Amino acid sequence: MKEENVYGREETTASLAYAPFVKGMKQIFPVAATGIVDRLVFGILARQAGLGVTEAMLFSLLVNAGSSQFAAVGLISQGIVGWPILVSTLLLNARHLLYGLSLGPTFRGTATWKLALMGGWLNDETYALTATNLAAGEKPSLSYFAGASAADYLIWNISTLAGALFGTIFTNTEAYGLDFAFVATFLGFLAVNLASSFHLKVAGCAAVVACIGYAIGGATIAIIAGTLTAVVIGAVSGER
């Protein structure tokens with residue numbers, strides 16, 4: 001059986017499925033492995049926020065978006081639920097729209113249901129690997145993307161389970177300093193992403209607006225206002 005790729009070339013099903021799938025699994029591993037600690041921490045934080053092991057696992061299995069998951073459990077731990085979580089998730093995941101727009105043209109002609117499945121597994125790691133692979137001159141391959149995504153998804157959820165189980169052992173988190181894990185995690189995310197003076201300006205402006213929002217309406221307003229500030233500056237500014 002043969003299938004035509006976007007360049008009009010025909011390839012066998014075996015070459016489309018197996019070799020690129022395995023290649024994707026191998027190449028995503030170093031990227032996904034660097035996030036194991038973060039994913040362990042997410043499991044622990046989910047337990048600290050009051051979620052059960054099953055709930056923490058369903059969170060990772062169904063959402064599959066690390067930053068919005070961290071933000072959500074942070075809000076839940078403060079007793080904030082409902083629309084603030086939906087808004088923060090929408091804003092944090094807005095970049096996925098750009099990921100889809102970036103990869104879309106190279107997968108033109110792909111069946112809609114396949115693109116829908118691809119969208120469910122599209123995250124920072126799988127986008128970065130796929131975009132890098134394409135930039136290196138490799139042909140677009142759904143099998144390559146599926147292999148990378150499957151490995152990343154597996155590592156993400158195994159790490160979440162380990163963290164959630166670990167979190168059931170250490171219930172007195174303050175004694176180990178783990179109550180600071182939320183703050184430390186986000187400070188770590190922020191530090192590694194401050195790669196330019198523009199990033200510093202955005203972070204500074206968002207922090208100031210968040211502080212004002214906190215003074216006016218508490219944590220919920222602070223998070224929404226700070227996130228919106230960063231998104232708006234990023235959208236209207238020509239700097240990167």
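Reply: Start with two helices. Helix α6 (residues 95-103) and helix α8 (residues 124-135) pack at about 25°, with axes 11 Å apart. Helices here are DSSP runs of H or I, at least four residues, numbered from the N terminus. Axes are lines fitted to C-alpha atoms over the stretch in contact, and angles run from 0 to 180 degrees between N-to-C directions.

Me: So how does α6 lie relative to α8, roughly parallel or roughly antiparallel?

Reply: Roughly parallel, a label for angles under 35 degrees.

Me: Which residues make the contact?

Reply: Arg95, His96, Tyr99, Ser102 and Leu103 of α6 meet Asp124, Tyr127, Thr130, Ala131 and Leu134 of α8. Contact means heavy atoms within 4.5 Å.

Me: Where did the model come from?

Reply: It is predicted: local features need pLDDT of at least 70, side-chain atom pairs need 80 or more, and totals for chains, interfaces and linings use all residues. Residues are numbered from 1 along each chain as its sequence is written, and side-chain values use heavy atoms, without hydrogens or water.

Me: New topic. Where is Asn64?

Reply: Asn64 sits in the loop between α3 and α4. Its phi is near 55°, a positive value in a residue other than glycine. Most residues other than glycine have a negative phi.

Me: Is Asn64 buried or exposed?

Reply: Buried, at 7% relative accessible area. Buried means under 20%, exposed over 50%, partly exposed in between, using a 1.4 Å probe and protein chains only.

Me: And Ile76, what does it touch?

Reply: Ile76 is in helix α4. Beyond neighbours within four places in sequence, Ile76 contacts Ala49, Phe59, Val81 and Ile85. At 22% relative accessibility, Ile76 counts as partly exposed.

How values were computed. Angles under 35 degrees count as roughly parallel, over 145 as roughly antiparallel, 65 to 115 as roughly perpendicular and the rest as oblique.
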